Amino acid sequence: MTGFRTTIVAQEIIRRNGVVRAGSRVVPAEVPIAFSYGGSTHAVMMGTPAHLEDFAIGFSLTEGIIASMAEIEEVAVLDEGQGLDVQVRLAENKEDALRARRRHMAGPVGCGLCGIESIEQAMRVVPDVSDVAVLLTPEDITAAMAALNGAQPLHAETHAVHGAGFFIPGEGLIAVREDVGRHNALDKLAGAVIRAGREGGQGIVVVTSRISVEMVQKTAILGSSTLVAISAPTALAIRTAEEAGMTLVALTRGEDFEIFAGAERIGTGSVADVA
């Protein structure tokens, strides 16, 4: 246990309908979270101090530090007063490989690529998921987003965090994680999925944010073929999804959504029929 809470009650002054009054609001905590491997800090992220073991495992996976959870021997969370140090002990061969490619980065919650050292790292090739055959109906898309919207206790309390969920058609939502950073929420979800003994190819990732290129990269690294979001994608996210053979669904509102890549996985009928 650490001394960090996930929420704080903030005092405020409220002006509504021309009336000013004192009040309070529950807001999410945001703290520095360091990931250390072999005693050396590898990255520092600003995030929500919850589900840190999931975060460490998912971050290690999506950053290419590990290929499976079996390569992590231990995760320990240290309270450093002003932040948290998540100490990850890797299998010896992975520790050696990480030392050879050591890099440091410090990123705010809005930027998942801050601190990388080259254009090549930003434009890394993502796994090809074109052979992952998870076929969906429009009802699956609607159900996945509805389930996610109803399974975010921290968002319900604060209205200030992102959510990421893993949805398996016919089974439903099996994991949800939240964080002030959308990339962090997805990393936490990746960790939760593999800790549960599931494979990314079994289901789809659904998020309450826009789709940046790194959200596509992380989803593909997890092994999922479909990313569904409430907001729009960037042009690079669309191109990356196409190159990875991924289905990209965005602007999901009730029964309405827009498909930007991989429409063949979703039984919508032909475009002429839909129009």
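Tutor: We shall begin with the rings and then follow the charges.

This is a predicted model, in which local features need pLDDT of at least 70 and side-chain atom pairs count only at pLDDT 80 or more, while totals for chains, interfaces and linings use all residues. Residues are numbered from 1 along each chain as its sequence is written, and side-chain values use heavy atoms, with hydrogens and water left out.

When the whole structure is searched, two aromatic pairs are found; rings of Phe, Tyr and Trp (its six-membered ring) pair if their centres lie within 6.5 Å, and planes under 30 degrees apart count as stacked, over 60 as edge-to-face and the rest as tilted. F35 and F55 have ring centres 4.8 Å apart and planes at 85 degrees, so this pair is edge-to-face. Because F35 belongs to strand β3 (residues 31-37) and F55 to helix α1 (residues 52-62), the pair ties together parts that are 20 residues apart in sequence. Helices (H or I, at least four residues) and strands (E, at least two) are DSSP runs, numbered from the N terminus.

How far are these rings covered? F35 has 0% relative accessibility and therefore counts as buried, and F55, at 0%, counts as buried too; the word buried means under 20% relative accessible area, exposed over 50%, and partly exposed in between (1.4 Å probe, protein chains only). F35 also pairs with F59, and here the centres are 4.7 Å apart with the planes at 10 degrees, so the pair is stacked. This pair again links distant parts of the chain, F35 in strand β3 and F59 in helix α1, 24 residues apart.

Now to the charges. Side chains of opposite charge can pair when their charged atoms come close. The count here comes to 10 salt bridges, a salt bridge being a side-chain nitrogen of Lys or Arg within 4 Å of a carboxyl oxygen of Asp or Glu. One of them joins R195 to D54 (2.8 Å, N to O). Since R195 is in helix α6 (residues 182-195) and D54 in helix α1, the contact ties together parts that are 141 residues apart in sequence. R195 counts as partly exposed because its relative accessibility is 40%, whereas D54, with a relative accessible area of 4%, is buried. R195 and D54 also belong to a network of salt bridges that links them with E53 and R177.

Another salt bridge is made by R198 and E171, at 2.6 Å, N to O. R198 lies in the loop between α6 and β10 (204-207) and E171 in the loop between β8 (162-168) and β9 (172-179), so this pair ties together parts that are 27 residues apart in sequence. R198 is partly exposed, with a relative accessible area of 25%, and E171 is partly exposed at 46%.

Let us end with K188 and D179, whose side chains meet in a salt bridge at 2.7 Å, N to O. K188 counts as buried because its relative accessibility is 0%, and D179, at 0%, counts as buried as well.
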